[in-house]
Amino acid sequence: MNMQSTTTAPAVSISQLNKTYDGGFVALKSIDLEIRTGEIFALLGPNGAGKTTLIGTICGLVRPTSGQILVGGHDVVTDFRKTRAMIGLVPQELTTDRFETVQATVAFTRGLFGKPRNDAHIEKILKDLSLWDKRNDKLITLSGGMKRRVLIAKALSHEPKILFLDEPTAGVDVELRRDMWNVVRDLQATGVTVILTTHYIEEAEEMADRVGVISNGEIILVEEKTELMRKLGKKDLSILLQEKLPALPDTLARMGLKLREGGEELTYRYDSKSERTGIATIMSALSEEGLRIKDISTHQSSLEEIFIGLLRDRT
């Protein structure tokens, strides 16, 4: 689902952003990026790639060395209070007083942003995140998964227009991950822009409208997820033979087929969007070689395989 309209300004606009830390470490290099209002944008990259630093600069927590960041058209450095109030940030760790109750800490966070008390809003957030039954429990008593839900509740307490999720499901179980994805989809349906950093490729593949890949502080690709899959995703054809093949005939090798160890399976990689996949020619060649087929199957490259390939191409 993409809620971008032709007249809506970007939620986040970044131009020529650089960040060099004391000591000379270059964390971000010449980043240009626009995040559309109402989209779910996944920022993918290995640990140390610059994901958390980039989020920190957008949220005004890390001062850029050079460049400009606009949130809702406002500069994050000169208009910090206004831009920060528009943003909800879900960090990786819970740093709140462990002896506070769930409801108290979420309500307190709302007050930090100058928002008036709104018990109904806090109740709705806690119910949406399955925290209502835990509202009077102290944080110290909660499981890791429940603490992660509290982090999201705190980030939503002041009704932000943009939500950052920094590795939101690292170390949580599959059920909680699915619950969080549902919450994110519901937020997007209300017009909230969601920016997700993750090294779980399945998270991006499941959730995102667009995907950005960051490596060594540089954005190396930004693409519509479906377009990325179309352009870079390949299909593998697997042909199981009735009988073992001792060696691959030259005619088949020249077509790009490979014989797997054991001699019972041939593989062929092709572009499924191409006008000519070569499969029909391969089938004729197999018949001419007198090879009998037991089974045929295909496999679509996942976003993870595409991502690994992108990083490999740059090293």
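1. Basis of the note. The model is predicted, so local features need pLDDT of at least 70 and side-chain atom pairs count only at pLDDT 80 or more, while totals for chains, interfaces and linings use all residues. Residues are numbered from 1 along each chain as its sequence is written, and side-chain values use heavy atoms, with hydrogens and water left out.

2. Helices H3 and H5. Two packed helices are described by the angle between their axes and the distance between the axes. The axes of helix H3 (residues 102-112) and helix H5 (residues 144-156) cross at roughly 30° and come within 8 Å. H3 is therefore roughly parallel to H5 (angles under 35 degrees count as roughly parallel). Axes here are lines fitted to C-alpha atoms, for helices over the stretch in contact, and angles run from 0 to 180 degrees between N-to-C directions. The crossing of H3 and H5 is right-handed, meaning that the near helix is turned clockwise from the far one by less than a right angle.

3. Helices H5 and H6. The axes of H5 and H6 cross at roughly 10° and come within 11 Å. This makes H5 roughly parallel to H6. H5 passes H6 in a right-handed crossing.

4. The largest pocket. The space in the largest pocket is about 370 Å³. A pocket is an open set of points on a 1 Å grid, where a 1.4 Å probe fits, with protein on both sides within 12 Å along at least five of seven lines; lining residues have an atom within 4 Å of a point. Which residues are closest to the centre of the largest pocket? Of the 14 lining residues, they are His 121, Lys 124, Leu 156, Leu 187 and Thr 190. Helix H4 (119-128) and helix H6 (174-189) are the elements that give two or more residues to the lining, and H4 gives the most, with four residues. The lining comprises six nonpolar, three polar and five charged residues.

5. Positive phi angles. Ser 30 is not a glycine, although its phi is positive, at about 45°. Ser 30 lies in strand E2 (residues 26-35) and is partly exposed, with a relative accessible area of 41% (the class between buried, under 20%, and exposed, over 50%, with a 1.4 Å probe and protein chains only). Asn 216, also a residue other than glycine, has a positive phi near 50°. Asn 216 is found in the loop between strand E9 (210-215) and strand E10 (218-224), and is exposed, with a relative accessible area of 55%.

Terms used: Grid points are joined across faces, edges and corners, and a volume is the space filled by probe spheres set on the points. Ala, Val, Leu, Ile, Met, Phe, Trp, Tyr, Cys and Pro count as nonpolar, Asp, Glu, Lys and Arg as charged, and the others, Gly among them, as polar. Angles under 35 degrees count as roughly parallel, over 145 as roughly antiparallel, 65 to 115 as roughly perpendicular and the rest as oblique.
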